[in-house]
Amino acid sequence: FVALSTGTYALRVDYLKMNKDIANSFLWQGIGIGTVLAALGDSLTEGYHSHGFWREGAELSAADFPSTVVSRDGRNFPQFAPTAVVNKPEVNCLQSWMTRLNDGLTDAWQQPVFIANEGWGGFTSEHYLEMMRFNHGGWWDRMHLLKPNLWLIHLGVNDERHHVSPETFTVNLQAIVDLLGADFGAAPETIYLARPSYDYWPEAAEILKQYNACIDRLIQERGLRPGPDFFAHFSKNREKWYGNDPVHPGPDGMNLMADLWLKALVNNPLIPLSDEALPYGKR
């Protein structure tokens, strides 16, 4: 099947006998042809203070979770959390903000959507870049299988915690953008850079302000798309948005992150609503 329009499909396969009678049939429903987004980030993307669960085995589905933490179409649900074993060992999968964003984008774009949670807690921009370069058999292979149409990047808080200079932070982000283009064919206008979330640790804000300026320049110079300004939105109402530490949003904060990503994406003039807008051609 080639050049299918965006939408939801069912596929029936009939196995025929020599006399053309049906020997067996299989039916797959809910097959989506639409937009795949990859969310690259740290624990703020992984979803540390969102709803967490422990599930045995690596094969997860919407049926494994309460309906309240699953997108309406069942495509997004709590995904495996790669660093929870160290920082939140009581859970191994987290809802994060993908399920809510899935519903918003499906309504706005009128097509199937899937958001891959590729947040890795504790990662700086350098850590993420190294994983992108060398994690064959893991991240690299997943992205080649998924072939995302849009890339959402939210990094910076761990760089700030490690006192990474603005210059080094910029070089790492540039390398990430270059790799997405070279290895995955990502056009600049399909890459969104978010401003890092606010950190209430002393002196953190001044470092993050410098990162914000670097991000703004990089977006302008490379023709990227501006993601949400998490720094501004989380710099107030800490008790409402954050959990029990200076930087991680709680469930309400996760909802706000989804809404801010939604606003950034639906305001994008290059929404991939047609086959011609997809960087991998017709799907």
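Tyr 15, Phe 26, Trp 28 and Ile 31 together make a nonpolar surface patch of about 400 Å². Strand β2, which spans residues 22–33, gives the largest share of this patch, with three residues.

## The nonpolar cores

In soluble globular proteins, nonpolar side chains tend to be buried together. In this predicted model, the largest nonpolar core has 62 residues, and those with the most contacts inside it are Trp 97, Leu 101, Tyr 128, Trp 139, Trp 151, Leu 180 and Leu 265. Helix α7, residues 166–184, supplies the largest share of this core, namely eight residues. Apart from this core lies another, of six residues, among them Phe 65, Val 69, Val 70 and Phe 77.

When neighbours within four places in sequence are left aside, the residues in contact with Trp 151 include Ala 38, Leu 40, Trp 139, Met 143 and Leu 180, as well as Phe 184, Ala 186, Thr 190, Ile 191 and Tyr 192.

## The buried face of helix α4

Helix α4, residues 125–134, has as its buried residues Ser 125, Tyr 128, Leu 129, Met 131 and Met 132. Seen down the axis of α4, these buried residues fall within an arc of 160°, and therefore they line one face of the helix. The elements that cover the buried residues of α4 include the strands β3 (35–41) and β7 (113–119), together with the helices α5 (139–146), α6 (157–161) and α7.

Key
Residues numbered from 1 in each chain as written. Predicted model: local features only at pLDDT ≥ 70, side-chain atom pairs only at ≥ 80, totals over all residues. Heavy atoms only, no water. Patch = residues over 30% accessible without salt bridge, like charges linked within 9 Å, V, L, I, M, F, W, Y side chains within 5 Å. Areas by Shrake-Rupley, 256 points an atom, 1.4 Å probe, with all protein chains shown as cover. Salt bridge = Lys/Arg side-chain N within 4 Å of Asp/Glu carboxyl O. Helix = DSSP H or I, 4+ residues; strand = E, 2+ residues; numbered from the N terminus. Core = buried A, V, L, I, M, F, W, Y, C linked by side-chain atoms within 4.5 Å. Buried < 20%, exposed > 50% of the residue type's maximum accessible area, 1.4 Å probe, protein only. Contact = heavy atoms within 4.5 Å. Arc of directions from axis to C-beta.
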